Amino acid sequence: MPSIAATHSAVPAARVDPVTVALVGAEFGWGSSGKLSAVLSALRDRSTPPLRFVGMASGLGRPLLAEHAVDGWHDLPDDPGRLAPAVGEFVRSQGVRAAVVVLDGAAATALLAVGVPTVFVDSLPFLWSEGDRAALPLDATVYCAQKSVELPPECRAVLADARGLRWVEAVIARPRASEPEPEPEPGARRGAGRPYRRALVNLGGLRAPSLVDPEQYPRLVVPAVLEALAAYGIEEVHIAGNLPGDLAGRLVDSSVTPPRTTAGPLGHSEFLERLEACDVLLTSPGLTTLLEAGGLNVPTVCLPPQNLSQIFNGRYHSQALGTRLRVLWPKDVLVEDEALALRSEGEDHALERIYGAIRAAAQGDGRQDVSHALRDGVLGALHRSADVDEWGALTTAVGTGGAAQVADALLEVLGAAGPLS
């Protein structure tokens with residue numbers, strides 16, 4: 001009689017076909033793809049069935065996901081009338097069993113309509129009003145709303161109708177384990193007791209669908225930031241983000257800059273490495289970037305807002321840290337409360353006001369006055385930052401476990417929550 005071991009070895013293990021999961025991130029900035037990257041990393045740490053990932057849309061953020069095994073990317077039509085048939089064909093041809101969608105309400109709705117269980121990640125729940133209701137997939141299988149330091153009443157009324165609402169912590173990449181740092185000297189903190197020497201400037205959100213000219217914001221802001229950093233005494237700066245073409249190089253060549261100034265896009269992992277190594281970050285206030293910087297305790301200054309969500313993000317950041325660490329547009333360019341008042345008609349109305357204000361400032365005769373005001377605003381925020389003891393307050397307020405929680409939601413949707421036998 002063969003031994004038990006021999007009997008078992010003679011039976012081949014059953015082959016388990018991978019389960020196909022669709023990934024979609026909003027075509028806006030890099031935040032959505034950063035969140036997808038964080039969720040995929042969290043899934044690697046879990047016992048899961050074999051998973052196969054296929055991507056839809058997310059053209060801007062695909063490079064951020066290059067380190068993950070995504071079995072091809074598929075474009076979606078720009079014409080809203082062709083979206084549903086295209087998604088249906090994609091689901092059938094790829095055998096999609098479930099989906100994770102970040103902020104793309106139209107894609108999530110189309111996936112749900114053809115019967116695909118969908119985990120929708122809403123990192124901006126504080127933004128919505130009745131005017132946005134139709135654009136939100138409130139019937140998502142699981143609606144993961146990222147926690148916020150505040151939630152205006154008009155947002156609560158909309159989210160109350162989300163069938164699968166689940167509040168999650170910040171969906172951000174967790175810093176990789178590294179060698180422990182030496183114990184700091186008594187009373188010392190990052191950035192305290194010494195001037196900043198290395199800065200990272202980050203610009204995102206420049207490829208928003210309704211943004212006509214993505215060069216206007218950086219043409220106003222980047223020269224002012226570089227001049228302020230040079231005046232402050234920064235020795236080294238890198239400009240990262242989704243700047244159009246060779247714009248960053250042209251702006252550097254025509255500006256007063258610190259001695260060592262470089263520019264170029266960074267992959268997500270490389271960005272986090274640069275972020276951890278810098279003395280100070282100056283960023284357009286995208287929420288994912290602010291939360292990642294807080295998780296690494298990096299001193300951070302918010303540049304003027306590019307869109308509606310960045311007004312909220314900058315305010316929440318300064319509120320959490322107890323100091324105004326954001327640079328405001330001059331009032332003759334944009335009064336934030338006027339833009340916020342347009343939210344009741346939907347986000348698009350507020351965006352039209354903000355984009356129009358930036359366009360007028362970039363094309364107007366007062367460009368130099370705007371630049372000088374922004375330079376002074378950056379310098380002021382850098383000096384005020386010396387009074388901050390702890391830079392992780394915003395991140396601490398919302399937690400950092402959201403990527404794992406979204407990964408768990410997906411496994412539940414797939415019927416595979418918890419360890420697999």
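Gln306 sits in the loop that links β12 (300-302) to α10 (308-321), where helices (H or I, at least four residues) and strands (E, at least two) are DSSP runs numbered from the N terminus. The model is a predicted one, so local features need pLDDT of at least 70 and side-chain atom pairs count only at pLDDT 80 or more, while totals for chains, interfaces and linings use all residues. Residues are numbered from 1 along each chain as its sequence is written, and side-chain values use heavy atoms, leaving out hydrogens and water.

With a relative accessibility of 3%, Gln306 is buried (under 20% relative accessible area; exposed is over 50% and partly exposed in between, with a 1.4 Å probe and protein chains only). Its side chain makes a polar contact of 3.1 Å with that of Ser284; such a contact is a pair of N or O atoms within 3.5 Å, and within protein one must be able to donate a hydrogen and the other to accept it, with residues adjacent in sequence counting only if both atoms are side-chain atoms.

Turning to strand β9 (residues 236-241), 5 of its 6 residues are buried, so the rest of the structure largely encloses this strand. β9 pairs in the parallel sense with strand β8 (residues 198-203) over 6 bridges, pairing requiring at least two DSSP bridges between the strands. Here Ala240 of β9 stands opposite Asn202. Strand β10 (residues 260-263) also pairs with β9 in the parallel sense, over 4 bridges, and Thr261 in β10 is the bridge partner of Val237.
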